[in-house]
Each structure stands twice: as structure tokens, then as C-alpha cells.
Amino acid sequence: KYGNPTPEIVFDAKNLSGKPIEKIERKIMDLNMIFKDKGASETMDQNQIVYEVDCYFPVENDTEGGLFFGITRIKPGKVGDEYFMTKGHFHSNRDRGEFYWGLEGEGQLLLMDEKRRARTEVIKKGSVHYIPGYIAHRVVNTGDTELSFGACWPSDAGHDYASIEEKGFSIRIVQKNGEQHIIKE
Ligand code: S6P
Ligand code: ZN
């Protein structure tokens with residue numbers, strides 16, 4: 001009647017641990033399409049890990065009213081002058097929102113609506129970010145240490161990666177003369 005008890009799952013600044021945790025790894029070879037400098041990404045080690053996600057899925061994918069929980073760790077690094085970042089996505093069910101919160105390291109959360117209007121929020125230890133529905137989201141590690149953040153999203157949100165792979169975000173974060181700059185596409 002009250003559902004299944006939450007298994008012994010704990011998180012810290014870097015990991016989710018316990019069972020059943022699912023792990024996702026994204027390497028350079030999975031991300032060649034998202035970086036501006038294709039020449040630079042092709043010359044890099046294709047097996048280099050850019051980010052990892054530990055997920056806890058207490059209900060089946062697509063369950064209405066359920067929630068998922070995850071921790072993402074983005075390595076420090078760049079492809080050309082562009083910082084390592086997540087693929088980024090809209091939710092397939094566009095009206096579904098999400099929370100992100102910073103755990104360690106520092107970066108930028110890129111937020112973009114369907115008219116391609118974009119803005120950024122600084123993500124760092126202790127920051128809380130409400131991502132409304134209809135807003136694409138991507139995280140960029142602008143620091144020289146690992147950036148980790150938590151996420152909680154509806155189990156029927158789904159991921160629309162294709163729109164971002166085709167058109168990208170309207171802004172990118174690059175390093176120039178040792179400092180971060182936002183450039184418009
Ligand atoms: C899921 C949530 C996060 C991301 C993760 C990796 O809705 O936003 O768990 O999946 O940060 O990013 P991406 O864009 O590769 O899914
Ligand atoms: Zn999401």
C-alpha cells in the first residue's frame with residue numbers, strides 16, 4: 001500500500017552508492033557532435049571520459065507521477081577552447097521540470113527555451129536550480145576540478161537529445177586568455 005521502502009542508497013559530493021544504481025558514461029566518442037571544434041575532438045583520445053552519471057530509478061521509465069534521482073560528475077577539460085559539458089536536452093514531455101543542485105566544483109548551467117533564448121546560472125557547491133518545463137538544460141565545467149551536481153526529475157520526462165544534436169544551444173562557453181567567455185552561435 002505504501003510502496004517499496006527506499007533501498008539503502010546514499011550520496012556524497014561525488015557518488016550515489018548502494019543498490020540498484022545505474023551508471024552512465026559519456027566519452028569523447030559519444031560527444032563529437034556537440035563541440036564546436038570537430039577537428040579538435042577527432043584528434044583526442046576517443047575513450048576519454050567526459051562525464052559520468054549515477055542514477056537511481058525507483059520506478060519504471062515513463063511512470064506518471066514518479067521521480068528519478070542522479071548525480072553527474074563532469075571532468076575538467078576542454079575540446080579546443082570549449083569546456084567539457086553534458087550533451088544537454090529538452091524533456092520529451094516538454095512541460096516536465098527538474099531540480100539541479102551543485103555539490104562540488106564550479107560551472108555554468110545553460111538554459112534555453114524553444115525560441116532559442118538562452119541564459120546561464122552559476123552552479124557550485126550549495127546552489128539550487130529549478131529548471132522549468134520547455135527549457136533545454138546543459139552543464140559546463142568551467143573549473144579545473146571535477147564538477148558534480150545532483151538532479152531530480154519526473155520519471156515520465158524522457159530525453160529529447162536529437163533537437164540539441166541538430167541545432168545545438170544558442171550559446172557556448174569557451175576559455176579565452178585563461179578566462180571564461182560566453183559566445184553566441
Ligand atoms: C536528466 C537530468 C540529468 C542528466 C545528466 C547528463 O533529466 O537532466 O541526470 O541526464 O546530467 O546530462 P545529459 O544531457 O547527457 O542527459
Ligand atoms: Zn533533464
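## The shell around ligand 1

Sort the residues in the shell around ligand 1 and you get 6 nonpolar, 7 polar and 2 charged (Ala, Val, Leu, Ile, Met, Phe, Trp, Tyr, Cys and Pro count as nonpolar, Asp, Glu, Lys and Arg as charged, and the others, Gly among them, as polar). The model is predicted: local features need pLDDT of at least 70, side-chain atom pairs count only at pLDDT 80 or more, and totals for chains, interfaces and linings use all residues. Residues are numbered from 1 along each chain as written, chains are lettered from A and ligands numbered from 1 in the order written, and side-chain values use heavy atoms, without hydrogens and water.

In total, 15 residues surround the ligand, and the closest are Tyr 51, Thr 72, Glu 98, Tyr 100 and Tyr 161 (near means a heavy atom within 4 Å). Strand 4 (49-56), strand 8 (98-104) and strand 13 (147-154) each give the shell at least two residues.

## Polar contacts and burial

Which residues have N or O atoms by an oxygen atom of ligand 1? Gly 88 uses a backbone N or O atom, 2.8 Å away. His 89 brings a polar side-chain atom to 2.9 Å, and an N or O atom in the side chain of His 159 lies at 3.0 Å. For these pairs of N or O atoms the cut-off is 3.5 Å.

On its own, ligand 1 would expose 390 Å², and the protein buries 96% of that (Shrake-Rupley areas, 1.4 Å probe). Ligand 1 sits in the largest pocket. Here a pocket is an open set of points on a 1 Å grid over the protein atoms alone, where a 1.4 Å probe fits, with protein on both sides within 12 Å along at least five of seven lines; "sits in" asks for more than half of the ligand's atoms within 2 Å of its grid points.

## Overall fold

The chain has 3 helices and 15 strands (DSSP runs: H or I of at least four residues, E of at least two). Its C-alpha atoms fill a box of roughly 60 × 35 × 30 Å along the principal axes. The radius of gyration is 16 Å, which agrees with the value near 16 Å for a compact globule of 185 residues (C-alpha atoms; 2.2 Å times the number of residues to the power 0.38).

Most residues other than glycine have a negative phi, and most peptide bonds are trans. The bond from Lys 19 to Pro 20 is cis, omega near 0°, with Pro 20 in the loop between strand 2 (16-17) and strand 3 (22-27). Tyr 134, not a glycine, has a positive phi of about 70°; its loop runs between strand 11 (128-131) and strand 12 (136-141).

Key. A polar contact is a pair of N or O atoms within 3.5 Å; within protein, one must be able to donate a hydrogen and the other to accept it, and residues adjacent in sequence count only if both atoms are side-chain atoms. On a 1 Å grid over the protein atoms alone, a cavity is a set of points where a 1.4 Å probe fits but cannot get out, and a pocket is an open set with protein on both sides within 12 Å along at least five of seven lines; lining residues have an atom within 4 Å of a point.
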